[in-house]
Amino acid sequence: MNQKTTMTTDVKIGDLVRISTKVHQQGIPKDRTGLVIKRLETVIDYMDTTKQPTDVWLVQFTNGKIMKFHDMWIEIIRSA
């Protein structure tokens, strides 16, 4: 069965995703499928320590490994 996937920046926690085949990182399972578990944040300015959301997400894969990816490499299979 072919599932349609789309490259998007509308990633949300709980989305079922696939990482693009253009990404080569040790530990990614063959099916490249995982669940988005967290959006990373960072401090932009040392004078303002308020954390700001980034476009980087933590993905937990079917093999249990957790890795971080920029949303440009994330294909949503099923939205949460």
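This is a predicted model: local features need pLDDT of at least 70, side-chain atom pairs count only at pLDDT 80 or more; totals for chains, interfaces and linings use all residues.
When its neighbours within four places in sequence are left aside, Pro53 is in contact with Arg39, Leu40 and Glu41. The C-alpha atoms of Pro53 and Glu41 are separated by 4.3 Å, although these two residues lie 12 residues apart along the chain.

Arg39 also takes part in a salt bridge with Asp55, in which the closest N and O atoms are 3.4 Å apart. Since Asp55 belongs to strand 4 and Arg39 to strand 3 (residues 33-45), this pair ties together parts that are 16 residues apart in sequence. Both partners are partly exposed, Asp55 at 36% relative accessibility and Arg39 with a relative accessible area of 33%.

In the whole structure, 2 salt bridges are found. One of them joins the side chains of Lys12 and Asp15, with an N to O distance of 3.8 Å; here Lys12 is partly exposed, at a relative accessible area of 37%, whereas Asp15 is buried, at 0%.

The largest nonpolar core comprises 13 residues, and those with the most contacts inside it are Ile19, Ile28, Val59, Phe61, Phe69 and Ile74. Two or more residues of this core are given by each of strand 2 (16-19), strand 4 (48-61), strand 5 (66-70) and strand 6 (74-78), with strand 4 providing the largest share, 3 residues. Beyond its neighbours within four places in sequence, Ile28 is in contact with Ile19, Val23, Phe61, Met67 and Phe69.

Key:
Residues are numbered from 1 along each chain as its sequence is written. Side-chain values use heavy atoms; hydrogens and water are left out. A nonpolar core is a set of buried Ala, Val, Leu, Ile, Met, Phe, Trp, Tyr and Cys residues joined through side-chain atoms within 4.5 Å. Buried means under 20% relative accessible area, exposed over 50%, partly exposed in between (1.4 Å probe, protein chains only). Helices (H or I, at least four residues) and strands (E, at least two) are DSSP runs, numbered from the N terminus. Contact means heavy atoms within 4.5 Å. A salt bridge is a side-chain nitrogen of Lys or Arg within 4 Å of a carboxyl oxygen of Asp or Glu.
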